[in-house]
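These are my notes on a few places I looked up in this structure.

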Amino acid sequence: MKKAALQIILSLSLLVLPFYLSGQKADFRGTWKLDLSKVPVTGSFPVLKKISVNIKGDSLLTERFYDTGDGQIYPIKENLTLDGKEIANIVYDMQRKAKATWKEKDLTIIHEATTTAQTYEGPIDFKSTETWSVNSENNILTISFLNTFRSEESKGAFIFNRSEGVN
């Protein structure tokens, strides 16, 4: 009798465990640094070298640190909601509209932004769509991106390692 009860409990545990594990939340919170050994950085565009992420309820608070290639680091703070609502702000004298959406099914965050620069030719938009995901141990953040500038597109992925714990 005890043996049968133990087998039933173990069987139920094995059935419930996958559901429990699949219900684990992706944890994007913390400070993440670009892993240069996995992502060769080339080109003249600023590169996201570090990102600090804090999620409180439905708020996504980020501070991005871009390296321009000449040793200068430019921080950009952003406060978005995770419901896809577009927020407009000014970043280094440029209009920026951004939104973020939490995708529960995929355990990802979709971040979309359009930054408009004023040039002598008129306004030029830089559009970015990012898909954020973390591995099952929550220690590697992958940001896959599709950038559009004028008529050219570039896509790829940046790999970040968690450098500091949860904010």
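Entry 1. I started at the pairing of serine 133, whose bridge partner in strand 9 is threonine 142. I note that the model is a predicted one. Strand 9 covers residues 140-149, and I found it paired with strand 8 in the antiparallel sense over 9 bridges.

Entry 2. Next I asked which strand 8 residue is the bridge partner of threonine 119. A hairpin through 2 residues joins strand 7 to strand 8. I recorded strand 7 as residues 108-119 and strand 8 as residues 122-134, with 11 bridges pairing them in the antiparallel sense.

Entry 3. I moved on to arginine 96, which I located in strand 6, residues 94-103.

Entry 4. I looked up what surrounds arginine 96. Leaving aside residues up to four places away in sequence, arginine 96 touches several residues, including Arg64, Glu78, Ile87, Asn89 and Val91. His111, Ala113, Thr114 and Thr115 are also among the residues it touches. For threonine 115 I noted a further detail: its side chain and that of arginine 96 are joined by a polar contact of 3.2 Å.

Terms used
Residues are numbered from 1 along each chain as its sequence is written. This is a predicted model: local features need pLDDT of at least 70, side-chain atom pairs count only at pLDDT 80 or more; totals for chains, interfaces and linings use all residues. Side-chain values use heavy atoms; hydrogens and water are left out. Helices (H or I, at least four residues) and strands (E, at least two) are DSSP runs, numbered from the N terminus. A polar contact is a pair of N or O atoms within 3.5 Å; within protein, one must be able to donate a hydrogen and the other to accept it, and residues adjacent in sequence count only if both atoms are side-chain atoms. Contact means heavy atoms within 4.5 Å. Two strands pair if DSSP finds at least two bridges between them.
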